[in-house]
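This report describes the strands, helices and selected loop residues of one protein model. Please consult the sequence and the structure shown below while reading.

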Amino acid sequence: MANNHGKSGRREMNRKESEVDGAPDSENLWSSLLSEVQTSRSAQLPTSKSLLVLGDKESGKTTLIAKLQGNEDPKKGSGLEYGYIDVRDEYREDHTRLSHWILDGDTSHANLLTFALTEQNYSDTTVLFCVSMTSPWNIMDQLQNWASLLQDHIDKLPLSGEDVKKFQTESWKRWQEYVEPGDEQEVASPTKKGRGVGEVEEDVELEPLPEGTLTRNLGLDLMVVVTKTDFMVDLEKDYDYKDEHFDFIQQAIRKFCLQYGASLFYTSVKEDKNCDLLYKYLVHRIFHFPFKTPALVVEKDAVFIPAGWDNDKKIAILYENMHSVRPDQYYTDVIARPMTGLGRKQQASREIEVVAEEEQHFLSRQQVFLQQGLPAAPGAAIPAGVQKTPDRKVVGSPGVQGSPKKMEVTPGKQIGANTSEGVLANFFNSLLSKKTGGAGTVSGSPGAGSAPGVRAGGSPQPDDYKAAVRSDAAAELDRLTRNQKKSLVNPSTDGQSQSEC
């Protein structure tokens, strides 16, 4: 009995020990499952990546980012604007969000960069400089200003010397490890390109860079985007830009990109040029998606220069088309600011210009209406004091009847004599007046008396009146002719007689 009791006690003890030993096994099982999940999760797309967009006002920042988002109705913000772009990996059925910060074009808001670029997210941030082709004369100044502003902000960050060197070394590696699409087989492990800041950097010996390359290494992945390239057509039409001008602009921007280790894009949201390519290149640089597009330099409005591809020899190819300009000229000496506004605005002002009717043509047209006794044209007001009578010019302007030659014949004689002008005015009024029973009075003519043949009631006898007027006019003309002949034959005598009188 004692032996049986001892055996049963040992079995119970072994059972309890096995239960105790099984508990850690179950815990290890859960730990392994959690570890596997964590490992698979680490292989997924990161969520800490961000994009910082800098550029002047009207440089197309908001429109470009909205295009990358697929947003058809972009809204402009102010200060520092935050948003995100959905990124999907179709191969791994994964998705994430790429955060973006858009700084207002006013440089006075530069202090807001403290929220967008910090020492914690420095290695996860890609910076995008936006400049617009609508003002090519400002492109280089804007790039230099924003690069200097970014450098000033970086200097204020609490980064140690080791951190700065680590970031700069990573930028150096990214530039040197660029591989032309189609040549990936030459690289042992292309999937490790750019992964992990400072990863095994002690085992890699960096080759020296060509002169002028990465001389301003900020330790950030930079991109320069020239927006609104569809405006090149207007520059050619309104400002007489040639291909050599666009080549000069391109070589200047590419030299800037060489200094900062930046890639270059020419885009047009209006014509949808290079926008999809920019998105693919962004997710390639940030999330290491596959990217197979080589550099594009053929179309002047759709240029793409990936970081690490360019060098001075490739830029020198552009010099072959520059005949009237030199690549070493100062930028604004070649691409000068025009004296007037933009050509598109000038064209719009010409289209809405209202051409007024010529003044003399308008007055002559109104005169026709007035002389015919008709109402003026619609909308044309008759000035005060203008009488609608065809006789106004004759009756009210006696000086019109006088001939300059007749008035210069006898300079000593007073011009306002009533005898000659009254008779002549009487004669011409009789020709213009209507021959009706109740019209044709000549009492309004200056110096006109009662003509023969006019009855007391005011109605003239037609035959007698016309005969008298003709007689008076003929006599007056005959007298004027004789006086003119006398003055031409003996002007001194005539002048003496005039003085004696």
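How many bridges join β2 to β3, and do these strands run parallel or antiparallel? Ten bridges join the two strands, which run antiparallel.

## Basis of the description

The model is predicted, so local features are reported at pLDDT of at least 70 and side-chain atom pairs at pLDDT 80 or more, whereas totals for chains, interfaces and linings use all residues. Residues are numbered from 1 along each chain as its sequence is written, and side-chain values use heavy atoms, with hydrogens and water left out.

Helices (H or I, at least four residues) and strands (E, at least two) are DSSP runs, numbered from the N terminus. Two strands are said to pair if DSSP finds at least two bridges between them.

## The sheet

Seven strands make up an open sheet of mixed pairing, in the order β2-β3-β1-β4-β5-β6-β7. Its edge strands are β2 (80–89) and β7 (304–305), each of which pairs on one side only. In a regular strand the side chains alternate between the two faces of the sheet.

β2 and β3 form a hairpin with four residues between them. Glu93, in the turn, has a positive phi of about 50 degrees. Leu80 stands opposite Leu103 in β3. On the pairing with β1, β3 runs in the parallel sense over four bridges, and Ser50 has Ser99 of β3 as its bridge partner. Strand β4 (residues 125–132) pairs with strand β5 (residues 221–227), also in the parallel sense, over seven bridges; here Ser132 stands opposite Thr227 in β5.

Buried means under 20% relative accessible area, exposed over 50%, and partly exposed in between (1.4 Å probe, protein chains only).

Helix α4 (residues 139–156) lies across β1 (50–55), β3 (94–103), β4 and β5. The helix runs at about 155 degrees to β4. Axes are lines fitted to C-alpha atoms, for helices over the stretch in contact (heavy atoms within 4.5 Å), and angles run from 0 to 180 degrees between N-to-C directions.

## Helix packing

Helix α2 (residues 61–69) packs against helix α8 (residues 275–287) at an angle of about 75 degrees, with their axes 10 Å apart. The two helices are therefore roughly perpendicular to each other, a term that covers 65 to 115 degrees. Leu64, Lys67 and Leu68 in α2 meet Cys275, Leu278, Tyr279 and Leu282 in α8. The residues of this contact divide into six nonpolar, no polar and one charged. Ala, Val, Leu, Ile, Met, Phe, Trp, Tyr, Cys and Pro count as nonpolar, Asp, Glu, Lys and Arg as charged, and the others, Gly among them, as polar.

In helix α5 (residues 161–176), the residues Phe167, Thr169, Glu170, Ser171, Lys173 and Trp175 are buried. The buried residues of α5 pack against α7 (243–260).

## Loop residues with positive phi

Most residues other than glycine have a negative phi. Leu214, although not a glycine, has a positive phi of about 55 degrees. Leu214 lies in the loop between α5 and β5 and counts as buried because its relative accessibility is 11%.

Asp272 also has a positive phi of about 55 degrees and is not a glycine. Asp272 is placed in the loop between β6 (263–266) and α8, and its 46% relative accessibility makes this residue partly exposed.

How values were computed
Parallel < 35°, antiparallel > 145°, perpendicular 65-115°, else oblique.
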